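Hi,

Here is the structure I promised to pass on.

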Amino acid sequence: MRTPPDQSPAEALIDLNADLGEGFGRWTLTDDEQLLSVVTSANVACGFHAGDAATMRRVCELAAARGVRIGAQVSYRDLAGFGRRSMDVPAAELAAEVAYQIGALQVFARAAGARVAYVKPHGALYNRVVRDEEQAAAVVEGVLLADRTLPVLGLPGSRLHEAAAEAGLPVVTEAFGDRAYRADGTLVPRGRAGAVVSDPDAVVERSVALARFGVVTADCGGSVAVRARSLCLHGDTPGAVDLARRVRKRLTEAGVRVEAFA
């Protein structure tokens, strides 16, 4: 895994993003309205792992009213598994489905007086395109079909970012305060013990370390460099709103400027 050039603490700047709109019909999961008062970018579910037309419209309207950037969170077609199950989707089909999801969200973003400002894969697709060149290329093809100017948010050094950069798409690096890292800078798979950091104090301190110094403690106990422009706060985490507020407050106290990247 490659990391971006060092950033001195004096220049610390971070975007806060959260996965939002992750409900379906009568079922709701994320507190979209409250989280949109904290984050600067919203990864909106586009109907494949969660979300529906009414939810997308509502979240876009709320985000636009608060000046929060709207991102398309694209995934495998997996409502039952919340997009977290590994799937083998032919490249041409995946490209079309990525474009389809972005296009759906674009309608509601424009109607709200805003726009889709970036794309981020979700769940199993996010992790797959870290190393899978074919699936990464398919995601990039889908983005190009929808809008050739959209930045792609993802893990530093991923195959996704390599493919996006080769295609001329802007890339934005991302880190996670509530996920465990391996020594190579990749995320510990969710199926393994300790993959999700549940201690709120630890999440806050890890978030500050990532934003200010670009480092995080890996599962082996050593430090790993993870230089990122955006920090993800999972919206489905218990107590997500209070945790997001704590993270933003501590970032500000630590001299980190919180600002959207798009």
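Let me start with Glu-259, which counts as partly exposed because its relative accessibility is 34%. (Buried means under 20% relative accessible area, exposed over 50%, and partly exposed in between, with a 1.4 Å probe and protein chains only.) Glu-259 forms a salt bridge with Arg-257, and their closest N and O atoms are 2.7 Å apart. By salt bridge I mean a side-chain nitrogen of Lys or Arg within 4 Å of a carboxyl oxygen of Asp or Glu. Arg-257 is partly exposed too, at 46% relative accessibility.

Before you go further: this is a predicted model, where local features need pLDDT of at least 70 and side-chain atom pairs count only at pLDDT 80 or more, while totals for chains, interfaces and linings use all residues. Residues are numbered from 1 along each chain as its sequence is written, and side-chain values use heavy atoms, with hydrogens and water left out.

Back to the charges. The structure holds 19 salt bridges. One of them joins the side chains of Arg-66 and Glu-33, at 3.5 Å from N to O. Arg-66 lies in helix α2 and Glu-33 in helix α1 (residues 32-35), so this pair ties together parts that are 33 residues apart in sequence. (Helices, H or I with at least four residues, and strands, E with at least two, are DSSP runs numbered from the N terminus.) Helix α2 covers residues 53-66. Both partners are partly exposed: Arg-66 at 35% relative accessibility and Glu-33 at 42%. Arg-66 also touches Leu-36 and Ser-37, leaving aside residues up to four places away in sequence; contact here means heavy atoms within 4.5 Å.

Another salt bridge links Asp-132 with Arg-128, with the closest N and O atoms 2.8 Å apart. Glu-205, Lys-249, Arg-250 and Glu-253 are linked in a network of salt bridges.

Now the inside. Which residues have the most contacts in the largest nonpolar core? They are Leu-105, Val-143 and Leu-251, in a core of 74 residues. Such a core is a set of buried Ala, Val, Leu, Ile, Met, Phe, Trp, Tyr and Cys residues joined through side-chain atoms within 4.5 Å. Helix α3 gives the largest share of this core, six residues. There is also a second, separate core of five residues, among them Ala-117, Tyr-118, Leu-153 and Phe-261. As for Leu-105, its contacts beyond four places in sequence include Val-44, Met-56, Ile-70 and Val-116.

On to the rings: there are three aromatic pairs. (Rings of Phe, Tyr and Trp, the last by its six-membered ring, pair if their centres lie within 6.5 Å; planes under 30 degrees apart count as stacked, over 60 as edge-to-face and the rest as tilted.) In one of the pairs, Tyr-126 and Phe-176 have ring centres 5.6 Å apart and planes at 85°, so the pair is edge-to-face. Tyr-126 lies in helix α4 (residues 123-131) and Phe-176 in strand β6 (residues 171-176), so parts 50 residues apart in sequence are tied together. Tyr-126 and Phe-176 are both buried.

Last, the loop between β3 and α3. Phe-82 sits there, with a phi near 60°, a positive value in a residue other than glycine. Phe-82 counts as buried, at 13% relative accessibility. Leu-79 is found in that loop as well, but is partly exposed, with a relative accessible area of 41%.

Cheers
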